[in-house]
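User: Hello! I am new to this structure and would like a friendly walk through some of its features. Could we go step by step?

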Amino acid sequence: MNWYSNIKSKITKQDNSPLLKRGQVKQILITQIQEELPDFEFLEYKNGCYTFERIRTISGIDVFEHFHIIFALKDRNFSCSIASRINKSYIRSSSYNTGLLNPHIDLVVLKKGTGVISLHEAYYFHNGQVKTTTKIVQQIIKDFKLYGKPFLESQLEQLEKSNLVKAGLEFIGNLNSNKKSLKLELDSDLNKGGHLISSLKNDTYLELKTLLQGIEGIDRETRKKIPKLPYELLDYYCEEKEASA
């Protein structure tokens, strides 16, 4: 069976249950998640995306953990992602992020362990009927428990124990820069350089980057993420300080 036939068989198979009514999937999601993931509360529905949130605190920092579920009735699919964010300005961002502070990753990518996924594996397909759709929601929650929750636990542990993150947070904790000016300079560099992290030339960014690159005992894959980390730290510094001003 080719990929098209595989998808078609999933979205056209009948299960002798009623067709989904408008808004019914919301109640299915809330009911199932309340039962299986009671620590995640429904946050909002926006642009086809249902977001469930858990807030935890580590070292005095609020960590916003999100379970995003996008439902498409016409296309007969769900797409899901997991995010852990300390910067509130990223909370409603749909962009994926592989950074150390505000990661956002597709659930299927997390499950498969690879960024290359075929079309028939990229979504959770449903047939538009109550019975099958409920079963697919249950499968999504099962995958979240198996792959999403460990990802969130690992991220929380990193925020608490990573020498990189500790050094970065200490740096911005002692920083006394003009937040608006710093934010404008960082954004200007990014705009001029096509939003590439390598285009950042701000002195504070370069100082923090050099500090972090000098920390020993960092594995190779994590070290690759260092250039983005000082930007995320400074962006967090600007947003948090401005919000509390």
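**A lysine and its helix**

Analyst: Gladly, starting with a pair of side chains: those of Lys183 and Asp235 are joined by a polar contact of 2.4 Å. A polar contact is a pair of N or O atoms within 3.5 Å; within protein, one must be able to donate a hydrogen and the other to accept it, and residues adjacent in sequence count only if both atoms are side-chain atoms. This is a predicted model, where local features need pLDDT of at least 70 and side-chain atom pairs count only at pLDDT 80 or more, while totals for chains, interfaces and linings use all residues. Residues are numbered from 1 along each chain as its sequence is written, and side-chain values use heavy atoms, with hydrogens and water left out.

User: In which helix is the place of Lys183?

Analyst: Helices (H or I, at least four residues) and strands (E, at least two) are DSSP runs, numbered from the N terminus. One such run covers residues 179–192 and has 14 residues. Lys183 has its place in helix 7.

User: Why do the buried residues of helix 7 line one face of the helix?

Analyst: Buried means under 20% relative accessible area, exposed over 50%, partly exposed in between (1.4 Å probe, protein chains only). In helix 7 the buried residues are Leu182, Lys183, Leu186, Asp189 and Leu190. Taking the directions from the helix axis to the C-beta atoms, they line one face because, seen down the axis of helix 7, they fall within an arc of 130°.

User: Which exposed residues does the face of helix 7 turned away from its buried side carry?

Analyst: The buried side includes Lys183 and Leu186. Turned away from that side is a face with the exposed residues Lys180, Leu184, Asn191 and Lys192.

**Strands and turns**

User: Is Ser59 buried or exposed?

Analyst: Ser59 lies in the loop between strand 2 (49–58) and strand 3 (61–72). In this hairpin, with 2 residues between the strands, Ser59 takes a positive phi near 55°. At 61% relative accessibility, Ser59 counts as exposed.

User: Which residue has a positive phi in the turn between strand 3 and strand 4?

Analyst: These strands pair in the antiparallel sense over 9 bridges. Their hairpin has 4 residues between them, and the positive phi of about 60° in the turn belongs to Arg76.

Definitions and conventions. Expected span 1.5 Å × (residues − 1). Pairing = 2+ DSSP bridges.
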